[in-house]
Each structure stands twice: as structure tokens, then as C-alpha cells.
Amino acid sequence: MVTKTTTTAQKSVSSTVSDHMKIVAIGDVHGCVKQLVDIIERPEITGDELILLGDLFDRSPFFNGDSLTLALVRLMQEKPQEFGFNTVTVLRGNHEDAIIRSIEQGPESSIYDLWQYNGGDAEFYETIRDSKPTLEWLKSLPLYVIRGDYMFVHGGVRPDVPLEEQTEQDLLWIREEFHDAEDHGLPYTVVHGHTPVPEIDVAHKRINLDTGSFFSGNLSFMEFEYVESMGSEAGKIRQADDRDCECAHAV
Ligand SMILES: [Mn+2]
């Protein structure tokens with residue numbers, strides 16, 4: 001439990017006088033709006049960029065948790081400086097992808113059934129479907145971003161496949177093949193979520209921040225620093241392109 005010692009409105013954004021950039025990344029939120037508030041209210045949680053690793057919604061233990069999370073995250077992106085950051089970046093997770101495709105294909109589709117099976121809420125579905133700006137926002141979420149030596153992505157990467165050949169399905173859904181690889185082969189430390197672990201898992205060239213918020217109550221975050229002048233590809237974003245993945249299961 002976090003003691004509330006300040007409000008987000010009192011935070012000041014650190015002015016960057018060097019080329020050292022500070023990022024705070026947060027794992028799968030899954031509608032755990034209380035834990036998200038607990039993190040962003042911490043006075044030390046400030047920096048150049050806040051990155052949410054995707055799966056903001058579904059399986060929330062709180063009443064209306066998905067809508068509250070959506071409203072808070074949209075506000076954070078709209079007014080990041082009030083939350084202690086210059087930018088708030090939200091990545092696409094497999095749950096965001098399932099919502100988008102459920103709305104595109106309708107409530108009779110198999111993806112809608114899969115999404116419901118994985119904790120999708122029918123009322124939240126209507127909320128998204130009936131709000132064009134929200135749906136467009138969801139569709140605009142990048143699959144990954146690269147900041148210095150770090151790559152932030154929801155699921156992970158397929159080992160030994162060049163970045164430009166990674167598929168949307170792998171970036172959003174991959175688990176064992178990525179976790180079990182000795183070295184995924186990309187020149188980044190891959191910071192990801194998607195597969196719940198009891199505590200933050202720092203492995204060789206990858207870090208898993210998904211600590212199963214919706215059942216453990218633990219939403220995890222980690223701070224990262226990188227030097228912008230050292231080969232940074234900050235801002236590189238690849239939009240979803242191949243949309244016909246076989247999505248077997250989700251967490
Ligand atoms: Mn998840």
C-alpha cells in the first residue's frame with residue numbers, strides 16, 4: 001500500500017539539462033485503477049516519459065474499473081505535465097487488439113467470444129464502440145517504441161527475427177519462445193508485460209513487468225535511463241498491419 005503524500009497536481013516535471021532521459025514503465029494495468037493511481041501519485045514518479053505496456057483493460061477487480069482506467073489514462077496523455085511527465089505513451093496490448101477486432105467484427109464473431117472469455121465486459125464494449133474518438137485512439141496505439149537501448153513492447157519478440165520482420169501477433173502474444181530463448185538476438189533490452197510473474201523478472205536482455213495486477217493486486221513499474229545521443233531511435237513507431245492472427249488465449 002502506498003501512503004498518499006502528495007497529489008499529482010503538485011508534481012513538477014524534471015527539466016532535462018543533460019541528454020539523460022528518464023522513463024517510467026508500468027506493466028499490465030487490467031483495470032486496476034487504484035494501483036495505477038497509487039503509483040502515479042508517488043512524488044518520485046516523474047520523468048521525461050511514462051510508458052504503459054498495454055492491457056489497460058479487462059478483468060478489473062473494481063466496479064467500472066475499465067472506464068475509470070480509460071478516463072485516467074486519456075487525461076494523463078492530454079495533460080502529462082500534471083502527472084510529472086513530458087509525455088505519456090500507451091502501447092497496444094493483446095487485450096486492446098481484441099477489443100478493436102471485436103468491434104470491427106461484431107458481437108457474433110469468434111474474437112468477441114474470445115475477448116469475453118478473457119474478461120471483456122459487454123458494457124465497456126458498448127462504451128468503446130459508441131465513441132469514435134476512443135476507438136480511433138485505441139487503433140492509434142503503437143505496437144512498440146524504442147528508446148536508446150530499450151525496446152518497450154507488450155508481449156515480446158520472436159528470437160532471431162529482425163525487428164522489421166516481427167509480426168503483430170508475436171509482438172502482442174508471444175510467450176515461451178521469447179522467454180525461453182537464450183538471447184532473442186535484437187540489440188535491445190526488451191521491456192515487456194503480457195505474461196504474469198510473481199515479481200518483476202529481470203532476465204538476459206529482457207524485463208517482464210507484468211505481476212498479474214488483477215489477481216495479485218500488484219501493479220509493477222520500473223525506472224529506466226538512457227542517453228538520447230547514443231543511437232536512440234526514440235519515437236519509432238510501427239502501426240499494426242497484419243490483423244488476421246490466430247489468438248489462442250489471453251491473460
Ligand atoms: Mn495482460
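The following legends describe close-up views of a predicted model.

**View 1. Overview of the chain.** The secondary structure of this predicted chain comprises 9 helices and 9 strands. Of its 251 residues, 43% count as buried. Among contacts between residues at least 6 apart in sequence, 69% join residues at least 24 apart.

**View 2. The open sheet of four strands.** An open sheet is formed by 4 strands in the order β3-β2-β1-β9, and its pairing is mixed. Strands β3 (85-90) and β9 (221-227) are the edge strands, each of which pairs on one side only. From one strand to the next, the twist averages 20°.

**View 3. Strand β1 and its two partners.** Strand β1 is mostly covered, with 5 of its 7 residues buried. With strand β2 (residues 47-52), β1 pairs in the parallel sense over 4 bridges; within this pairing, Ala 25 stands opposite Ile 51. Strand β9 is joined to β1 by 7 bridges, and these two strands run antiparallel. Here His 20 stands opposite Val 227 of β9.

**View 4. The crossover between β1 and β2.** Strand β1, helix α1 (residues 33-40) and strand β2 together make a β-α-β unit. The unit is right-handed. The two strands that it connects are paired in the parallel sense.

**View 5. The largest nonpolar core.** The largest nonpolar core contains 58 residues. Those that touch the most other members are Ala 25, Ile 51, Leu 52, Leu 91, Tyr 144, Phe 152 and Val 153. Strand β1 (residues 20-26) gives the most to this core, contributing 5 residues.

**View 6. The surroundings of Leu 91.** Which residues does Leu 91 touch, not counting residues up to four places away in sequence? Its contacts include Ile 51, Leu 52, Leu 53 and Gly 54.

View 7. Ile 111, Tyr 112 and Trp 115 are buried in helix α4 (residues 110-117). These three residues lie on the same side of α4 because they cover an arc of only 100° around the axis. An α-helix has 3.6 residues a turn, so residues three or four places apart point the same way. On the other side of α4, Ser 110 and Tyr 117 are exposed. The buried residues of α4 pack against α3 (94-105). Just after α4, Gly 119 takes a positive phi of about 100°.

**View 8. Two loop residues with positive phi.** Most residues other than glycine have a negative phi. Asn 64, however, has a positive phi near 65°, and this residue lies in the loop between β2 and α2 (65-78). Asn 64 counts as partly exposed because it has 16 C-beta neighbours inside 10 Å. Lys 205, which is not a glycine either, has a positive phi of about 60°. Lys 205 is placed in the loop between β7 (201-203) and β8 (206-208). With 17 other C-beta atoms within 10 Å, Lys 205 is partly exposed.

Notes. Residues numbered from 1 in each chain as written. Predicted model: local features only at pLDDT ≥ 70, side-chain atom pairs only at ≥ 80, totals over all residues. Core = buried A, V, L, I, M, F, W, Y, C linked by C-beta atoms within 7 Å. Buried ≥ 20, exposed ≤ 12 C-beta atoms within 10 Å, placed from the backbone. Contact = placed C-beta atoms within 7 Å. Pairing = 2+ DSSP bridges. Axes fitted to C-alpha atoms, helices over the stretch in contact; angles between N-to-C directions. Arc of directions from axis to C-beta. Right-handed = clockwise from strand over helix to strand, strands pointing away.
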